[in-house]
Amino acid sequence: MVITELYIRNFGKLSERHFYLRDGVQVISGENEYGKTTLHAFIRAMLFGLERGRGRAAAKDDFSRYEPWDDPGSYAGVMRFTCGGRSFRLERNFARQTKQVSLVCEDDGEELSVEHGDLQMLLGGMTAELFDNTVSVGQLKAAPGQELSDALANYAANYYETGGGEYDLSKALKSLDEKKRAVRRELRDEEAAGETERKKLLQKSRYLEEDIRRLDAQYKEIEKTLRELPGPERTDVHGKNRFIIGGIAAICAGVLLLLWSLWSGHESGRGLSAVSVLTALVPVLAAVAGVFLLAAGYAGKFRSHRNRSEADEQRRWELERIRSELREKEIRRENIREQYEEAEKSDSQIRLEEQCRALELAVEELQKAAQVTAGSMERSMSRRASEIFSAITDGKYRSLETDRQRGITVWDGERKIPAGRLSRGTVEQIYFCIRMAAAEILTEEPLPLILDDVFAFYDDKRLESVLKWLSGQGKQVIIFTCHSREKELLRNM
């Protein structure tokens with residue numbers, strides 16, 4: 001890909017400006033505040049768009065930074081470039097109300113769709129994050145960020161399977177993690193619902209246990225009553241027996257007294273006098289009283305037996321009722337216990353747990369795949385970065401190694417030196433080599449290399465070496481600088 005023209009209608013401090021570019025190395029120089037960084041930001045915005053942030057972040061994002069104050073409606077521009085032997089025209093309007101983008105092949109007038117990925121296809125799958133960490137180097141941003149590490153991991157995880165890095169490992173892991181969290185939330189809701197149901201069942205079981213204990217106590221009490229007659233009824237029976245015994249005794253006494261009266265009168269020969277009649281009347285009255293006592297005793301005993309029979313029948317009926325209610329409640333208790341055991345894990349809960357385990361296994365396998373191939377990918381990138389590093393240091397350093405645990409080290413032919421012990425200029429060279437090696441590995445389409453005041457810490461010798469290397473790469477290189485030495489060195493070369 002080669003950028004041939006940039007037209008800025010309105011972007012930041014630049015307005016109605018045309019820039020015509022060519023292949024190979026070129027320098028755009030100017031003093032500070034000239035607009036070099038604005039032009040760099042415009043290239044990025046044309047390739048990847050410019051989104052407005054939300055909330056407080058919107059006040060400091062690139063959209064607000066470069067939005068024209070006087071005429072925000074003309075926040076727009078055009079880029080012309082060649083790719084694969086064809087010429088294209090990319091036009092964007094960044095304004096909030098009239099935002100739009102169009103991509104046209106100027107060779108045959110074919111309209112392509114940026115929304116459906118045609119531009120990304122022309123860019124060889126390049127993303128804005130990868131662009132910032134490889135071919136685009138901003139001021140004081142020589143060190144690549146975490147996005148480059150993620151991109152290398154993606155490429156490493158997929159290279160041996162697909163021959164390329166079109167799959168995004170970090171996004172795949174993020175997607176799996178989001179799905180796992182969603183399943184876990186659903187599982188927690190299911191467990192909470194199950195726990196609520198189990199609590200209800202447990203409460204019902206406790207109520208039934210209390211009812212069963214109460215009914216069982218009533219049953220035993222009535223059963224005991226049937227086995228042993230209560231004290232008050234027994235006392236009443238004894239009272240009825242005393243009436244009967246008293247009545248019999250009174251009758252016997254009356255008969256004996258009557259016989260004695262008759263016998264004593266006959267012996268005395270006095271006949272039936274008033275005294276003797278009175279004497280005879282007393283035993284008769286005693287006998288009559290005995291008859292009444294005997295009748296009352298038997299009548300009371302009959303009533304007592306009848307009342308006791310009715311009470312016993314009532315108690316037996318109550319026992320049967322309690323026994324039936326006990327059976328019903330025990331059956332309900334057993335049913336609730338079975339429901340409680342079944343409620344430990346529902347079918348839905350078991351299914352969700354299986355999904356969680358499957359997602360965890362998928363994450364684990366993806367991470368293993370990345371770890372298996374990451375070492376090989378790091379060695380490949382280290383080899384290419386070492387070749388570039390050796391070239392731009394004129395062979396002073398033969399190789400460099402990048403290791404996630406040990407960091408970056410360089411080999412000068414005698415010893416390994418940690419990057420932290422090297423000068424700032426050499427460290428900048430290392431970062432440059434890592435970016436260049438990563439760009440070659442991760443990009444399918446050679447893209448323009450954009451360097452914005454990258455060589456501030458390079459001395460003339462380092463700068464001459466890196467410019468010589470860049471000139472031999474056969475790609476478009478755009479250097480923004482506030483110095484003139486890049487132009488002079490290139491002119492001399």
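**Salt bridges at a glance**

Lys 416 has a relative accessible area of 47%, so it counts as partly exposed. Keep in mind as you look around that this is a predicted model. The structure holds 27 salt bridges, and Lys 416 takes part in one of them, with Glu 401.

- The side chains of Lys 416 and Glu 401 meet at 3.4 Å, N to O.
- Glu 401 is partly exposed, at 31% relative accessibility.

- Arg 384 and Glu 440 form a salt bridge through their side chains, at 2.7 Å from N to O.
- Because Arg 384 sits in helix H9 (residues 347–392) and Glu 440 in helix H10 (residues 424–442), the pair links parts that are 56 residues apart in sequence.
- Arg 384 is partly exposed, with a relative accessible area of 22%, and Glu 440 is partly exposed at 35%.

- Lys 13 and Glu 33 make a salt bridge of 3.6 Å, N to O.
- Lys 13 lies in the loop between strands E1 (2–11) and E2 (14–20), and Glu 33 in the loop between strand E3 (25–29) and helix H1 (36–48), so the pair connects parts 20 residues apart in sequence.
- Lys 13 is partly exposed at 46% relative accessibility, whereas Glu 33 is exposed, with a relative accessible area of 67%.

Key
Residues numbered from 1 in each chain as written. Predicted model: local features only at pLDDT ≥ 70, side-chain atom pairs only at ≥ 80, totals over all residues. Heavy atoms only, no water. Salt bridge = Lys/Arg side-chain N within 4 Å of Asp/Glu carboxyl O. Helix = DSSP H or I, 4+ residues; strand = E, 2+ residues; numbered from the N terminus. Buried < 20%, exposed > 50% of the residue type's maximum accessible area, 1.4 Å probe, protein only.
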